[in-house]
Amino acid sequence: MSRSSFQQFHWQSQQFGCASNDIDRFYSLLHEQMQRLGMQQQTLGKIESYPVDLYSSAAPKQHLPNILISAGFHGEEAAGPWGMLKFLSQLNDDVFLSVNLSLLPLVNPTGFKAGHRFNQYGENPNRGFGVADGTALETEESSKEGKLLIKQQALLKALSSDGILTCHEDVLQHHCYVYSFEPEQDAGPFSLGLRDSLAQYFKVAEDNSIDGCPLDNGLIHNHYDSSFESCLVRIGAKRGACSETPALEDFDQRINANCAVMQQFVSANQ
């Protein structure tokens with residue numbers, strides 16, 4: 001099987017009472033949560049009429065870990081952004097006493113609205129992050145969204161210095177797995193904890209090969225490519241991960257799993 005860049009995927013969420021691509025409701029609920037938590041908003045740029053927004057702790061403290069969670073790079077992977085909304089709804093402002101938290105809730109708004117993988121220009125927002133000498137560089141694969149993020153690499157590097165989590169989905173899968181990045185050759189408690197948080201909701205994918213990458217015990221460990229999360233680890237983040245929930249399974253269950261993996265990521269860095 002293969003995934004089409006412009007095949008449309010739409011689901012209905014019972015807990016949010018809307019379709020997976022209801023971007024107006026998503027932004028409305030996101031605004032409510034950010035107002036409640038008092039997080040700082042910075043618009044990195046716009047894709048058509050939609051902002052690519054970054055949110056951060058209102059009063060970051062120098063001694064606390066700096067972590068970044070991102071979602072919505074691929075438009076057909078909608079449970080990531082909605083999972084972030086659920087994560088935010090369960091978050092209290094005391095989290096800012098233990099971590100400096102930053103969020104990129106929806107990187108590819110035009111793909112999200114359409115329910116297809118790429119942005120409306122046919123670009124893949126999670127490819128084209130080149131790295132040379134510790135610096136992120138644009139490549140021929142860089143999308144409009146990617147170029148916005150690369151221009152802000154100094155800020156994003158600082159905000160993710162202790163960890164980066166990107167939440168993705170796999171539209172070909174009934175099982176979950178994780179791409180993980182740690183300084184050690186073998187995966188440690190950080191990676192295993194993220195995998196286990198997904199395993200509360202779905203079976204872990206059996207050892208295999210996914211997109212040419214060896215999958216071992218539910219993890220693809222230290223595989224570097226031109227993705228956003230790989231780039232941030234290469235330019236300075238201590239560790240990182242890309243979670244993959246199975247888009248062939250129930251949408252609300254996937255939302256819950258994405259919320260859980262975000263909670264685990266924060267806990268692992270507190």
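Let's start with the second largest pocket of this predicted model, whose lining residues divide into four nonpolar, four polar and four charged. About 200 Å³ of space lies in this second largest pocket. If you want to find the pocket on screen, look for Gln-173, Ala-205, Asn-208, Ser-209 and Ile-210, which are the closest to its centre of the 12 residues that line it. Strand β11, residues 208-210, gives the largest share of that lining, namely three residues.

Now turn to the largest pocket, with a volume of about 300 Å³.

Next, let's look at how some of the helices pack. Two packed helices are described by the angle between their axes and the distance between the axes. Begin with helix α1 (residues 23-37) and α2, whose axes come within 10 Å and cross at roughly 30 degrees. Angles under 35 degrees count as roughly parallel, and α1 and α2 are therefore roughly parallel to each other. Their crossing is left-handed. On the α1 side, the residues that meet α2 are Arg-25, Phe-26, Leu-29, Leu-30, Gln-33, Met-34, Arg-36 and Leu-37. On the α2 side, their partners are Pro-81, Trp-82, Leu-85, Leu-88 and Ser-89. Sorted by class, the contact of α1 with α2 holds nine nonpolar, two polar and two charged residues.

Helix α2 (residues 79-89) also packs against helix α8 (residues 251-269), at an angle of about 60 degrees and with the axes 7 Å apart. That angle makes α2 oblique to α8. Is the crossing of α2 and α8 left-handed or right-handed? It is right-handed, whereas the crossing of α1 and α2 is left-handed. From α2, the contact uses Ala-79, Gly-80, Trp-82, Gly-83, Met-84, Lys-86 and Phe-87. From α8, residues including Phe-251, Arg-254, Ile-255, Cys-259 and Met-262 take part. The contact of α2 with α8 has nine nonpolar, five polar and two charged residues.

Definitions and conventions:
Residues are numbered from 1 along each chain as its sequence is written. This is a predicted model: local features need pLDDT of at least 70, side-chain atom pairs count only at pLDDT 80 or more; totals for chains, interfaces and linings use all residues. Side-chain values use heavy atoms; hydrogens and water are left out. Axes are lines fitted to C-alpha atoms, for helices over the stretch in contact, and angles run from 0 to 180 degrees between N-to-C directions. Helices (H or I, at least four residues) and strands (E, at least two) are DSSP runs, numbered from the N terminus. Angles under 35 degrees count as roughly parallel, over 145 as roughly antiparallel, 65 to 115 as roughly perpendicular and the rest as oblique. A crossing is left-handed if the near helix is turned anticlockwise from the far one by less than a right angle, and right-handed if clockwise. Contact means heavy atoms within 4.5 Å. Ala, Val, Leu, Ile, Met, Phe, Trp, Tyr, Cys and Pro count as nonpolar, Asp, Glu, Lys and Arg as charged, and the others, Gly among them, as polar. On a 1 Å grid over the protein atoms alone, a cavity is a set of points where a 1.4 Å probe fits but cannot get out, and a pocket is an open set with protein on both sides within 12 Å along at least five of seven lines; lining residues have an atom within 4 Å of a point. Grid points are joined across faces, edges and corners, and a volume is the space filled by probe spheres set on the points.
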